[in-house]
Amino acid sequence: MAAGWMDRSQRTDDLARMRVAYPAAALEEADLAGTWHEQLAGWLGDALAAGLPEPNAMVLATADAGGLPSSRTVLAKGLDPRGVVFYTNFTSAKMRDLDATAFAAATFPWIALHRQVHLRGPVGVITPEESATYWKTRPRGAQLGAWASAQSAVVPDRRALDVALEQATARFADVEQVPLPPHWGGVRISPVSVEFWQGRPNRMHDRLRYRLAEDGDWAVQRLAP
Ligand SMILES: Cc1cc2nc3c(=O)[nH]c(=O)nc-3n(C[C@H](O)[C@H](O)[C@H](O)COP(=O)(O)O)c2cc1C
């Protein structure tokens, strides 16, 4: 363990006293875009304009076959009426969960804007053609890393990862375009529920949720904070 963790941890003694009053910004039904994806695109634009670090970062929640949940951050790289797409390694722990349940939830935590968006729904792997289009935009180093890392596997030490990257680098040294690995690609969450949360004074926050009904129509509901 690195020294100094105790000094730093003492600062968390103040957690219970941390409290932020949210400004009067409101989210009214009349403010909402006609569809969840236009509304999400608008709020992503606000997060980008506000200069938030990695505004497309979302916390992805999955559960394993026994119901044990996990969460981790991934980057949303696609948004359209079909859903939200992130890219990952198909051998990872999250993909084992998704293979078992076929459902996921994701939250964009835009704390600095007193906002969050929470969505949930079934997931599906996008086509290799779609993944390949995005793959080509990735820097070569990130492409080699995807070949080198068996994401979520236990490794003996850091050196093993460095060696794996050296091997991937050597393997594709003479190849201009590193190919899309068969174990890597995009996953789309096709939401059935997308909630937009705006912090308000006195903890009386605005929560507006687009919900997909059985008949295939979307309805907007207001939830108590
Ligand atoms: C800001 C940020 C962005 C990340 N983006 C991704 C991503 O787009 N895809 C991904 O597979 N992992 C991403 N990660 C790493 C994941 O959080 C996680 O460590 C990894 O996917 C393994 O998760 P798993 O073992 O639960 O499958 C990101 C981490 C951070 C902090």
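Student: In the hairpin of strand 1 and strand 2, which glycine takes a positive phi?

Tutor: Glycine 67 does, with a phi near 95 degrees. Five residues sit between the two strands of this hairpin. Keep in mind that the model is predicted.

Student: Why are strand 1 and strand 2 said to pair?

Tutor: Pairing needs at least two bridges between the strands. Strand 1 (residues 57-63) and strand 2 have seven bridges, so they pair. Their sense is antiparallel. Within this pairing, valine 59 of the chain faces threonine 73 in strand 2.

Student: How do you know that strand 1 and strand 4 pair?

Tutor: Apply the cut-off of at least two bridges again. Strand 1 and strand 4 (residues 103-110) are joined by three bridges, so they pair too. They also run antiparallel. Alanine 61 has alanine 105 of strand 4 as its bridge partner.

Student: What makes the largest nonpolar core a core?

Tutor: Its members must be buried, be of the nonpolar kinds such as Leu, Met, Phe, Trp and Ile, and be joined through side-chain atoms within 4.5 Å. Here 29 residues form the set. Leu40, Met58, Phe108, Trp110 and Ile189 have the most contacts inside it. They belong to this core, so each is under 20% relative accessible area. Helix 2 (residues 36-49) gives the most to this core, namely five residues.

Student: What does methionine 58 touch?

Tutor: Its contacts include Val74, Val84, Phe86, Phe108 and Ile189, with residues up to four places away in sequence left out. Arg72 and Thr73 are also among them. A touch here is a contact, so heavy atoms of each pair lie within 4.5 Å.

Student: Which residues does the second core include?

Tutor: Ile126, Ala148, Ala164 and Trp184 are among its 14 residues. This core is separate.

Student: Where does Trp184 lie in the largest pocket?

Tutor: Trp184 is one of the lining residues nearest the pocket's centre, along with Tyr87, Thr88, Arg138 and Gln151. The lining has 15 residues, and the pocket's volume is about 250 Å³. Strand 2 (69-80), strand 3 (83-89) and helix 5 (140-148) each give two or more residues to the lining.

Student: How many of the lining residues are nonpolar, polar and charged?

Tutor: Seven are nonpolar, five polar and three charged.

Conventions. Residues numbered from 1 in each chain as written. Predicted model: local features only at pLDDT ≥ 70, side-chain atom pairs only at ≥ 80, totals over all residues. Heavy atoms only, no water. Buried < 20%, exposed > 50% of the residue type's maximum accessible area, 1.4 Å probe, protein only. Helix = DSSP H or I, 4+ residues; strand = E, 2+ residues; numbered from the N terminus. 1 Å grid on protein atoms, 1.4 Å probe; cavity = no way out; pocket = protein on both sides within 12 Å on 5 of 7 lines; lining within 4 Å. Points joined across faces, edges and corners; volume = space filled by probe spheres on them. Nonpolar A, V, L, I, M, F, W, Y, C, P; charged D, E, K, R; others polar.
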